[in-house]
Amino acid sequence: MTTPAPGHDTVLVLDFGAQYAQLIARRIRECHVFSEVVACDIDPDTVRAHDAKALVLSGGPKSVYEPGAPALDPRLLELGIPVLGLCYGQQAMARALGGRVERTGVREYGRTGLRAQPDGSVLFGDLPTDQVVWMSHGDTVTAAPPGSRIVASTDASPVAGFEDPERGLYGVQFHPEVAHTERGMDLFKNFLYEAAGCRPNWTSVSIIEEQEAAVRARVGDDHVLCALSGGVDSSVAALLVHRAVGDKLTCVFVDTGLLRHGEAEQVSETFRRDFKVNLVHVKAADRFLERLAGVTDPETKRKAIGNEFIRIFEEVAKEHGDARYLVQGTLYPDVVESGGQRTATIKSHHNVGGLPEVMALELVEPLRLLFKDEVRRVGTELGLPEDVVQRQPFPGPGLAVRIVGEVTAERLETLRAADRIVLEEIRRAGLDRELWQWFAVLPAVRTVGVMGDGRTYAYPIVLRAVTSQDAMTADFARLPWEVLERISTRVVGEVPGVNRVAYDVTSKPPGTIEWE
């Protein structure tokens, strides 16, 4: 676990295996209260040690009666701090407190009409009696815990919400974190401000001030390197640390040979022209291709790339004041997806799970607590140009994780050429500000085609375009047919070795945004 600087209240989100656990944390932060996702089996002493102001229990995919289902430690309900249970979290609370949870045979999924009893309610006090919420459950709380009051119901859920304000215990059957719950943010605010007494002071300005002070206190007079990619994360991290240490910072941009068309030149030129920081440009394409030769497993790719990055930074450190620290733009989702919060490892981000076990440099990660949208707000506050702040995310391993199978110079050039067309056509259509990411993928297969009255056996290109707010969840973009047609025509006509274009219509979950 990590904690913000003193002066902020902390709300812990206990993850019972929910699809939306990180979204709950984001919604709480949008209320300007710091929150963090932790494992559901957290010890009460750990909660006390981190001075948590409140707990939120997430939903989960299992039944509370299912063998092996995560259990709620009843001692957490006796800590004297407010607790809000959502969906599975509400059911686990009700069961632990002596209520009744049953499988009635009637499930609720999707938008559902809710009848609230706002009079005297903490959660619903200023909300309308009739509202629309998002449900996703099979089990149902049919009897509220003794001493609590029913404050909401639906046709299928007699206890869609209960409260016990004297003990600070609250539960709702629906998902207020999902946008389809019309007054979900209002419910969170009522819980955070009214029930828990949290202060709304987690802001971009406070984050900048606290991280500046933390970096200054940690590095002292030592020299610092920053791993700069040109993306919003590393750019924000670089400017934040530069405010703290000034000329003791040297930014290192590594041209891995895995970048998009013209990107290496653009990043180097932009930072030398627009930012008054020391910049070292390392050209290392041959090194990375050599490390990736014969490698087809995506986890092995990420780890090989992460290791090579660190070795290069260590070499640069010796050449520039024997720097001791390395700044990275690591974000909270990077840590979560790499298994850093006791969750399953989805993929090892090259800057987290892909790092070597032994390193000569100590990491400084001023953005480690933040989601992408928070980083963008901090970047705006720091004065970063709009085109940098809103730049679409690009993975640290670059095109290596958009090439399925072995990465070769030939396959890189094929993907780079196709990706350039995708970028151009999305911008031409004016869709670049509506999408989270849009790019090309090169699978490890070939397909039969007909070109110029002859048979071809060439690569397909897969187009990926998604909408999202923080990359923890994403939906495939409904691109206009004419845009897809232009991309397909240009890719097949202009990129040698490609004879087919497909469009990926998978959301996250169940897929991920990147293919590897």
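The legends below describe close-up views of a predicted model. Local features need pLDDT of at least 70 and side-chain atom pairs count only at pLDDT 80 or more, while totals for chains, interfaces and linings use all residues. Residues are numbered from 1 along each chain as its sequence is written, and side-chain values use heavy atoms, with hydrogens and water left out.

**View 1. The open sheet of 9 strands.**
The strand order is E2-E1-E3-E4-E11-E10-E9-E6-E7, with mixed pairing. Strands (E, at least two residues) and helices (H or I, at least four) are DSSP runs numbered from the N terminus; two strands pair if DSSP finds at least two bridges between them. Strand E2 (34-39) and strand E7 (130-137) are at the edges, each with a single partner strand, so one side of each has no neighbour in the sheet.

**View 2. Pairing of strands E1 and E3.**
Strand E1 (residues 10-15) runs parallel to strand E3 (residues 54-57), and 4 bridges join the two. Val13 has Val56 in E3 as its bridge partner.

**View 3. Ser157 in a loop.**
Ser157 is buried (under 20% relative accessible area; exposed is over 50%, partly exposed in between; 1.4 Å probe, protein chains only), with a value of 0%. Leaving out residues up to four places away in sequence, Ser157 has contacts (heavy atoms within 4.5 Å) with Glu108, Met135, His137, Thr140 and Gln173.

The model has 0 disulfides, a disulfide being a pair of cysteine sulfur atoms within 2.5 Å. Cys40 is buried at 13% relative accessible area, and Cys87 is buried at 3%.
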